[in-house]
Amino acid sequence: MLYEINGSSFPVYSLLYFNHIFSGSFAQKKTTDQKVDSVLKLMTLDEKIGQMNQYNGDWAATGPITKDGDKQTQIKNGMVGSMLNVTGVDHTRTLQQIAMQSRMKIPLLFGQDVIHGYRTIFPLPLAEAASWDLKAMEQSARIAAVEASAAGVHWTFAPMVDIARDPRWGRVMEGAGEDTYLGSLIAAARVKGFQGRGLGNTDAVMACAKHFAAYGAAVAGRDYNSVDMSLRQLLETYLPPFKAAADAGAATFMNSFNDLNGIPATGNAYLQREILKRKWNFKGFVVSDWGSVGEMINHGFVKDNYEAAMAAANAGSDMDMESRSYIQNLATLVKEGKVKISVVDDAVKRILKKKFEMGLFAEPYKFCNEAREKEQWNNPAHIVAARDIARKSIVLLKNEKQLLPLSKQTKTIALIGPFVKAKADNLGFWSYDWPDDTARIVSVWDGIKTKIGTSTKLLYAKGCDIKDTSRSGFAEAVEAAMQSDVVIITAGEARDMTGEAKSKSIIRLPGVQEDLIKAVAATGKPVVVLISAGRPLVFNWIANNVPAIVYTWWLGTQAGNAIADVLFGDYNPSAKLPISFPRTEGQIPIYYNHYNTGRPAHNDSDLNYVSAYIDLPNSPQYAFGYGLSYTSFLYSDIELSKKSFKSGEKLTVKCTVANAGNYEGEETVQLYIRDLFGSVVRPVKELKGFQKLFLKKGESKTVEFIITADDLRFYNDKLQYIYEPGDFKVFVGGSSDNVKEADFRLIK
Ligand code: GLC
């Protein structure tokens, strides 16, 4: 006998099941946990393990594919809890309908890497981090969630919150750079953006803080490589952004590929059980990374998938992405007592709870709405937002003699380089290629052509390819430059040169791009170089010889418009680097919040038995927090409310910032501290605050920061998170290497 609910038919016995989970007329109001328990009681061991199993869809892949079995049959048999890389209302509905034919009718979760946009692509996360605009980053994630959820996606594998100090690592593009304080604020902003008004809303997707943990500290910047660090460093530098994501309500975590201090993160109970689930009381669930359960065999941590499943489940990995270790071994492990049923039940309850919170039990097709999908497919408001944050992400690195902004009435402009007319490259890694992208993506050429006046003549010469070594296009480029009043040259990496599995030992401009720039610069024409990449690159000759340099990262769908807005002064660049730029690969890792050492160099030329290179200045090419404006901001001396204060009291730090130039603009005023003496050595600077100030020409504003003893906490050698009375410096400025300073004391 069957009966109907929500258009689906169910056998009568599951009326009991629905009696448990719906608060219908014949059932008291159930809490979500009670509903979860009710469902769990009805599940077989195999069905429970099915919930812990995630497969990739058959339309796209983001990892090494396993060709096996019929996934749809497994879904129908209740052997799959989630699918990834399945998008679109039609595809997701098809698979959800199959899940509704299973005995327990537990809905599938659809996960997707919506890292910096879905249909509308936003700047790379590292580029967005350069905006230091938390609201804009939250909105970017919000729009990504609106578009993805309209396409049937329930869950994004983002934000990636890995601190990264090594630009050889390709995934540096995916995070928020080198700083823990900024990275933690951005992690929270992105979680809030993705989850919006909360799970259960049709425009909210589950966030996933990844990759837990310390993946960005891979030895030698080589992706998937080992990580080895003190627990103190882990707790102080790498874990806080994950804690911030958890505190912001991240629904899920994803563990990382790397081994951490000898134990793969996927099998690391300290990370997942001790820190995440016990100490942080995390109630969501943890998904492995692609195949990372099975990869513990390669790590040499387990002998086979049987042991891998045991290690991962017992360590707290609740869902197995694509390794098949759980679906093939967990039932045996439970029957043999190697994995307690309580471990499986805990994992399954965490997963089921999210499915309830997402509203999928009540409405399995809640996210399958063609009208919404159509409406969000070309939402003009999203394009406006994409252009706005793209402009805010552009870093002005150099602008000698105020070459920029250019006049819209410039007579002749030569546009040279392999990215002038590039389209898809503007999207960067972790983006999607839609059929109409050529029309939708704004290239540099498109943006400038739209921006300039009818009287301006645009010349174009590609000059060279991205990585090809042919110089055959140089002559045409030089000729175009000779006919112009100013030259704009695009240079950089292809979109797939920075990203997952894209570590590089040499991070310079590929091919002969730098030679092209030298050839064009030799004409004596004023040159503006635009550099597009997902990571900091090394470009010393350009840095020393080209008058204007703009770092444009990969800015997404609206790249060309945002770049034109900046180049022609419709937006005064305000971005600040979220990561240090090395002078050469030999300097890596280089980061601003380093320790002082016993023999600090006193300047870039000090080589007198100090910690320095004899062949290179110690300082970075460009410092963390650095970025120019078309105007100039002058900082007053710092004013402190007191010279010393006790814990429980507040210290007020004031500084007046004046716009002394000819353009109104925004400055990100940064606050750093230094603990001069500690029971463990302390960094020479630590970012502890920032404020964005918009100042009209000639306008001044006073910024005020509050420092309390809690801002001075750090992990001591006993891993206690403490502050210590003593002497401190406070710094305020527009870059970590250009600050005003003052002294204060924390007293007992
Ligand atoms: C990849 C990435 C991870 C991503 C997952 C699913 O290997 O490491 O960040 O979310 O697989 O695509």
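This is a predicted model: local features need pLDDT of at least 70, side-chain atom pairs count only at pLDDT 80 or more; totals for chains, interfaces and linings use all residues.
**Entry 1: α9 and α11**

I took helix α9 (residues 231-238) and helix α11 (residues 269-279), and found that their axes come within 14 Å and cross at roughly 60°. That angle makes α9 oblique to α11. I noted the crossing of α9 past α11 as right-handed. On the α9 side I listed Leu231, Leu234 and Leu235, which meet Tyr270, Leu271 and Ile275 of α11. By class, I counted 6 nonpolar residues in this contact, with no polar and no charged ones.

**Entry 2: α11 and α13**

I then turned to α11 and helix α13 (residues 305-315), whose axes come within 8 Å and cross at roughly 20°. α11 is therefore roughly parallel to α13. Here Ala269, Gln272 and Arg273 of α11 meet Ala313, Asn314 and Ala315 of α13. I sorted the residues of this contact into 3 nonpolar, 2 polar and 1 charged.

**Entry 3: cavities**

I searched the whole structure and found 4 cavities of 30 Å³ or more. The largest cavity holds about 100 Å³ of space. Its lining has 14 residues, and Thr62, Asp113, Asp289, Trp430 and Glu500 lie nearest the centre. I classed this lining as 7 nonpolar, 2 polar and 5 charged residues.

For the second largest cavity I recorded about 50 Å³ of space. Its lining residues include Ile115, His116, Glu128, Met137, Arg190 and Phe194. Two or more lining residues come from each of α7 (134-150) and α8 (180-195). α7 gives the largest share, 4 residues. By class, I recorded 5 nonpolar, 3 polar and 2 charged residues in the lining of the second largest cavity.

Conventions
Residues are numbered from 1 along each chain as its sequence is written. Side-chain values use heavy atoms; hydrogens and water are left out. Axes are lines fitted to C-alpha atoms, for helices over the stretch in contact, and angles run from 0 to 180 degrees between N-to-C directions. Angles under 35 degrees count as roughly parallel, over 145 as roughly antiparallel, 65 to 115 as roughly perpendicular and the rest as oblique. A crossing is left-handed if the near helix is turned anticlockwise from the far one by less than a right angle, and right-handed if clockwise. Contact means heavy atoms within 4.5 Å. Ala, Val, Leu, Ile, Met, Phe, Trp, Tyr, Cys and Pro count as nonpolar, Asp, Glu, Lys and Arg as charged, and the others, Gly among them, as polar. On a 1 Å grid over the protein atoms alone, a cavity is a set of points where a 1.4 Å probe fits but cannot get out, and a pocket is an open set with protein on both sides within 12 Å along at least five of seven lines; lining residues have an atom within 4 Å of a point. Grid points are joined across faces, edges and corners, and a volume is the space filled by probe spheres set on the points.
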